[in-house]
Amino acid sequence: AAHDHTTNDSNSGAASLGTSSEPAMRCWALDHLLFSTRTLSCREVWASLEADPASAAAGLPNRACPSDHLPVAAAFAFSPAPRLPGAERAALAAHWEGMKAALGADKAALEAGGGGGARGAG
């Protein structure tokens with residue numbers, strides 16, 4: 001956590017906004033936006049704490065930013081998903097159909113009480 005929420009203001013019982021002698025922020029971690037470069041490319045990101053030197057020095061929360069959480073945002077551009085060439089696509093489809101057939105045989109064997117299925121249980 002970026003802020004120790006156990007530090008209370010003795011007058012109100014509310015969490016301190018960094019006005020005491022206790023440092024408001026001992027450490028911080030940035031939330032992450034995870035994406036795949038396969039179909040997205042990052043165009044822009046919202047600046048983090050380093051873009052606000054006063055808040056970086058004072059810590060969060062503070063008078064300018066009363067929360068210990070900063071929003072994260074990014075702008076992405078979509079790109080079409082890559083496609084397999086025809087021969088590779090056909091081979092993958094055939095493999096998939098074989099897997100479905102084996103699964104169907106396993107299911108039928110289990111329902112019939114045979115246990116092992118098409119691949120055998122050993």
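Among contacts in the chain between residues at least 6 apart in sequence, 60% join residues at least 24 apart, where contact means heavy atoms within 4.5 Å. The model is predicted, so local features need pLDDT of at least 70 and side-chain atom pairs count only at pLDDT 80 or more, while totals for chains, interfaces and linings use all residues. Residues are numbered from 1 along each chain as its sequence is written, and side-chain values use heavy atoms, with hydrogens and water left out.

**Secondary structure**
- The chain has two helices and two strands, which follow the pattern β-α-β-α along the sequence.
- Helices (H or I, at least four residues) and strands (E, at least two) are DSSP runs, numbered from the N terminus.

**Confidence**
- The mean pLDDT of the chain, the predictor's confidence in each residue from 0 to 100, is 76, and 68% of the residues reach 70 or more.
- Among the elements, helix 2 (residues 86-111) has the highest mean pLDDT (95) and helix 1 (residues 53-58) the lowest (82).
- Residues 1-19 have pLDDT below 50, and this stretch has 31 contacts in the model beyond near neighbours in sequence.
- Where pLDDT is low, the predicted coordinates should not be read in detail.

**Surface and burial**
- The accessible surface of the chain is about 9,200 Å², and 59% of it belongs to carbon and sulfur atoms; the areas come from the Shrake-Rupley method with a 1.4 Å probe, and for residues only the protein chains shown count as cover.
- Of the 122 residues, 14% count as buried, meaning under 20% relative accessible area (1.4 Å probe, protein chains only).

**Residue S55**
- S55 lies in helix 1 and counts as buried because its relative accessibility is 2%.
- Leaving aside residues up to four places away in sequence, S55 touches L49, L60 and N62.

Notes:
Buried means under 20% relative accessible area, exposed over 50%, partly exposed in between (1.4 Å probe, protein chains only).
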